[in-house]
Amino acid sequence: MSTVAFIGLGNMGGPMAINLAKAGHTVTAFDLSEKALAAVKAEGVNIAASAADAIAGAEAVISMLPAGQHVLAVYLDEETGILKQLNKGALVLDCSTIDADSARALAKAGAELGVGVMDAPVSGGVAAAQAGTLSFMCGGSAEDFERAKAILAGMGKNIFHAGDNGAGQVAKMCNNMLLAIHMIGTAEALQLGANNGLDPKVLSEIMLASSGRNWSLEVYNPYPGVQENSAASKGYQPGFMVDLMIKDLGLAMENSIDSKSSVPMGSLARSLYTAHGMAGNGQKDFSSILNLLRKPS
Ligand code: NAD
């Protein structure tokens with residue numbers, strides 16, 4: 001069992017830190033939000049007054065932060081950055097979804113200090129974070145991957161080694177572009193059926209047993225009332241925020257320019273999510289994209 005510092009206790013990081021503590025690791029966590037700290041304190045996670053305090057004696061650090069700028073600031077800020085304060089031989093696992101170039105820059109800085117760094121973004125959403133069944137997509141050395149597995153196993157069930165540093169983020173970027181596309185497609189099909197008088201629950205059952213079956217339809221249905229515990233049935237409380245999906249689609253678009261890749265569906269998905277976010281839905285769950293396609297009641 002390891003001594004682990006956990007930075008970023010939001011919708012994902014909170015339940016991940018709790019599961020890690022339940023798995024027997026000693027977890028000390030920090031978040032800028034007092035509310036986020038209070039939520040994990042009752043569940044066996046030690047809380048710290050700063051990121052620097054959280055890493056005291058840590059063999060590994062896990063971060064679950066919104067975007068690349070937060071990750072680079074936490075680790076590399078000239079004054080407060082924690083990377084240079086870590087013990088030699090420590091392991092950093094950044095589970096946030098960020099651009100591959102920032103992940104590689106962090107790994108390079110870590111290598112210069114004798115600290116192993118892996119990008120280890122996740123898939124599965126809040127439900128999988130709570131259940132400890134996340135998928136991890138890791139980028140880094142084979143040696144660091146072996147060390148990481150023992151820790152990540154406390155929070156997930158599928159742990160993949162995608163390749164060198166940055167490869168985990170590339171895998172995550174591809175996955176989330178596909179997720180955005182099939183969430184919009186699923187919402188579009190369900191709304192088309194509803195506009196024609198079909199019960200979205202019955203239509204979902206039909207498509208789940210047919211060739212339209214997909215994760216958004218099966219696990220994260222965007223139509224209110226089809227699944228009791230879905231974000232859609234709870235007023236689109238996140239979950240996974242529209243603003244974060246816009247960020248992820250932005251990463252895919254920037255990368256598609258650099259890698260000269262044609263991504264017409266991803267590009268359209270980014271435009272639709274951006275319009276939806278600009279209409280005041282940025283903090284809602286990403287399955288609320290259905291409302292963009294609904295007739296006003
Ligand atoms: P969130 O906004 O709920 O949580 C982020 C947390 O980071 C917040 O509690 C915030 O206070 C904290 N934070 C920000 N800056 C900080 C700093 N400098 N020091 C300490 N804490 C700081 O976001 P989330 O939904 O938990 O997502 C986190 C990451 O995981 C994102 O990169 C997201 O794209 C990715 N992700 C989210 C989901 C999902 O379903 N929500 C699924 C897979 C991946």
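Residues are numbered from 1 along each chain as its sequence is written, and side-chain values use heavy atoms, with hydrogens and water left out. Because the model is predicted, local features need pLDDT of at least 70 and side-chain atom pairs count only at pLDDT 80 or more, while totals for chains, interfaces and linings use all residues.

UniProt positions are given in the numbering used here, feature names are shortened, and annotations may be inferred rather than shown by experiment. Helices (H or I, at least four residues) and strands (E, at least two) are DSSP runs, numbered from the N terminus. On this basis, the span of residues 3-163 is 39% helix and 25% strand, and its end C-alpha atoms lie 26 Å apart. The span of residues 166-293 is 60% helix and 0% strand, with 35 Å between its end C-alpha atoms.

Burial is described by relative accessible area: buried means under 20%, exposed over 50%, and partly exposed in between (1.4 Å probe, protein chains only). In helix α2, which comprises residues 34-41, Ala36, Leu37 and Val40 are buried. These residues cover an arc of only 100 degrees around the axis, which puts them on the same side of α2; the arc is that of the directions from the helix axis to the C-beta atoms. Glu34, Lys35 and Lys41 are exposed on the other side of α2. The cover over the buried residues of α2 includes α1, β2 (26-30) and β3 (46-47), where contact means heavy atoms within 4.5 Å. The N-terminal end of α2 is capped by Ser33, a side-chain oxygen of which lies 3.3 Å from the backbone nitrogen of Lys35.

Helix α7 (residues 142-152) has Asp144, Phe145, Ala148, Ile151 and Leu152 as its buried residues. Seen down the axis of α7, these buried residues fall within an arc of 115 degrees, so they line one face of the helix. The face turned away from that buried side carries the exposed residues Ala142, Glu143 and Ala150. Among the elements that cover the buried residues of α7 are α1 (13-22), β4 (60-63), β5 (91-94), β6 (116-119), β8 (134-139) and β9 (156-163). Within α7, Ile151 counts as buried at 4% relative accessibility. Not counting residues up to four places away in sequence, Ile151 touches Ser2, Leu20, His25, Ala60, Ile62 and Leu93. Ile151 and Ala60 are 91 residues apart in sequence, and their C-alpha atoms are 8.7 Å apart in space.

Lys172, listed by the unreviewed UniProt entry under "active site", lies in helix α8 (residues 167-195). Lys172 is buried, with a relative accessible area of 6%. Leaving aside neighbours within four places in sequence, Lys172 is in contact with Thr97, Pro121, Val122, Ser123 and Met137. Asn176 is also found in helix α8 and counts as buried at 2% relative accessibility. The side chain of Asn176 makes a polar contact with the side chain of Asp248 at 2.7 Å. A polar contact is a pair of N or O atoms within 3.5 Å; within protein, one must be able to donate a hydrogen and the other to accept it, and residues adjacent in sequence count only if both atoms are side-chain atoms. Not counting residues up to four places away in sequence, Asn176 touches Phe240, Met245 and Asp248.

The ligand is surrounded by 25 residues, of which the closest are Asn11, Met12, Asp31, Pro66 and Lys247; a residue is near a molecule if one of its heavy atoms lies within 4 Å of it. An oxygen atom of the ligand lies 2.9 Å from a backbone N or O atom of Asn11. A backbone N or O atom of Leu65 is 3.0 Å from an oxygen atom of the ligand. For Lys247, an N or O atom in the side chain is 2.9 Å from an oxygen atom of the ligand. Taken alone the ligand exposes 840 Å², and the protein buries 87% of that. Accessible areas come from the Shrake-Rupley method with a 1.4 Å probe; for residues, only the protein chains shown count as cover.
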